[in-house]
Amino acid sequence: TNGTEAPPTKRAPTKGPHHPTTTPLKAFTYDLTVDKDLCLRFYAALQVNFSYETSPSGNKIHMKSVMVNFTNTNSEITKIGGKCPYLFNSSRNASSLEIHFNQTYVLTFDFLLNTTVTDKQGDRDDHWYIANTTLTIDLSRLPDSAEKKAETLKHGANMSTVDLVPLDSYFVCNSSVHNLLVNTDGGTSKTHNATVTRENAWIEAFANVTKSYGKSSYRCDADFKTNNIVPIAVGCALAALVLVVLVAYLIGRSRNNKAGYQSV
């Protein structure tokens, strides 16, 4: 549904650590429906940052930085596509979501189902994960671009750090996750330093085409890691307070002793 600005579910989110960012991005729904079947749920705030080469002025090459906040309030600006082949019994282990934005950007998330990897709890049940994040930019639509073609940049998941989500569960990640994307054209890039930021994410790949999210949630590691900052800061503050009280006590006691000697 276009323009949704809250998690599209009747199920309350699982309670857990949450670390709000200083400048939160606005999240939207990018659900994928194939042949009237809802097969992939995706709610998140998405931002793309990159720089590109502009037309040279004299002998100088200039770079222009761009920040794009994705939205989904206008079907003419944002179009959703992708593939859910497992619905048609051809290949149950892959799906993808394509977000076409402003006729300039295509942001693609590839999801894989893995039955051979053991998760952190030691389970070998079916798990899914975000395998690749790909950004295609039509440079011809950017002001003063030195290139008049499309370029594709890609981030591949590191299996040692990837979040493995149990099948029939949905993925929740409130933290800001930054994926650095590299060019795939063999080193002739006119685009540099592309980063895709994702936060406040509720995602369910390989959905069972029901109207609510899966039976349970899986929270990303980043939420727990960033949340550790709070107890550390509180502990430091308490330690400093104890130290101040102790020093004040010792100073006061010293003054009282001196006053006693003088009276004698």
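A patch is made of residues with over 30% relative accessible area and no salt bridge, with like charges joined within 9 Å and nonpolar side chains (Val, Leu, Ile, Met, Phe, Trp, Tyr) within 5 Å. Accessible areas come from the Shrake-Rupley method with a 1.4 Å probe, only the protein chains shown counting as cover for residues. A salt bridge is a side-chain nitrogen of Lys or Arg within 4 Å of a carboxyl oxygen of Asp or Glu.

The model is predicted: local features need pLDDT of at least 70 and side-chain atom pairs pLDDT 80 or more, while totals for chains, interfaces and linings use all residues. Residues are numbered from 1 along each chain as its sequence is written, and side-chain values use heavy atoms, leaving out hydrogens and water.

**Exercise 1.** Identify the residues that make the nonpolar surface patch of about 290 Å².

Solution. Step one: the patch is made by Leu 238, Leu 241 and Val 245. Step two: Val 245 belongs to helix 2 (residues 229-263); helices (H or I, at least four residues) and strands (E, at least two) are DSSP runs numbered from the N terminus. Step three: Val 245 has a relative accessible area of 51% and is therefore exposed (exposed is over 50%, buried under 20%, partly exposed in between; 1.4 Å probe, protein chains only).

**Exercise 2.** Locate Asp 168 and Asn 200, and state the phi of each.

Solution. Step one: Asp 168 lies in the loop between strand 10 (165-166) and strand 11 (169-173), with phi near 70°. Step two: Asn 200 lies in strand 13 (residues 191-204), with phi near 50°. Step three: most residues other than glycine have a negative phi. Step four: Asp 168 is partly exposed at 33% relative accessibility, and Asn 200 is partly exposed at 26%.
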